[in-house]
Amino acid sequence: MNTPQWYVVLTKPKQEQLAAERLQQQGGEVFLPLFEVERMYKGKRCKRQEPLFPGYLFLQTDADSGLLSKVRSTIGARQLLTFGNQPVTVNNLLINDLRQRCGVIHNVPLFKSGQKVSLREGPFRNYEAIFKEYDGNERAIILLGLLGQQNELVVELSELGEP
């Protein structure tokens, strides 16, 4: 069995997220590097996530898995990036570097529900709490014991650490 490789997938315009979802549903690991931009929308400033490489995403799969031959027929995807007739592969080190720069760490959650955490910042610094769940990409809901009862508190992930 081959080791999984990272491939570059060309997507249809503005359909990177759709292609990523469909390729994941077919069993591939997908990495779509995003960054936050601030745009004017209907007279208001809005922050949104946009692809770092518009029209491209990365797909990890085995060469013999059959998924590579399905890329062209996947909704939102156009084809694999090739040189000649060979699909382009990308080094794991580059993907890991991009993940770090985009704040994505291998889709592995930092904390699990029920795990003890400590607060590193804010008014409850050095208090221990119980991790409940993620609230978006940058926040978490924790259970903090105060005055004899568990209170839900929404905090930034950067404020949490191991006890």
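I began with strand β10 and found that two bridges join β10 to strand β14 (residues 160-161), the two running antiparallel; strands here are DSSP runs of E of at least two residues and helices runs of H or I of at least four, numbered from the N terminus, and two strands pair if DSSP finds at least two bridges between them. The model I am reading is predicted, with local features needing pLDDT of at least 70 and side-chain atom pairs counting only at pLDDT 80 or more, while totals for chains, interfaces and linings use all residues. Residues are numbered from 1 along each chain as its sequence is written, and side-chain values use heavy atoms, with hydrogens and water left out.

In β14, I noted leucine 160 as the bridge partner of leucine 119. I then looked up strand β11 (residues 128-134), which runs antiparallel to β10 (residues 116-119) and is joined to it by three bridges; there alanine 129 is the bridge partner of valine 117.

Next I turned to the largest nonpolar core, which has 14 residues, with Val9, Leu23, Val30, Leu57, Leu59, Val71 and Leu80 making the most contacts inside it. Such a core is a set of buried Ala, Val, Leu, Ile, Met, Phe, Trp, Tyr and Cys residues joined through side-chain atoms within 4.5 Å, where buried means under 20% relative accessible area, exposed over 50% and partly exposed in between (1.4 Å probe, protein chains only). I recorded that β1, α1 (16-25), β5 (56-61), α2 (67-70) and β6 (77-80) each supply at least two residues of this core, and that α1 gives the most, with three. Apart from it lies another core, of 11 residues, among them Ala129, Ile142, Val155 and Leu157.
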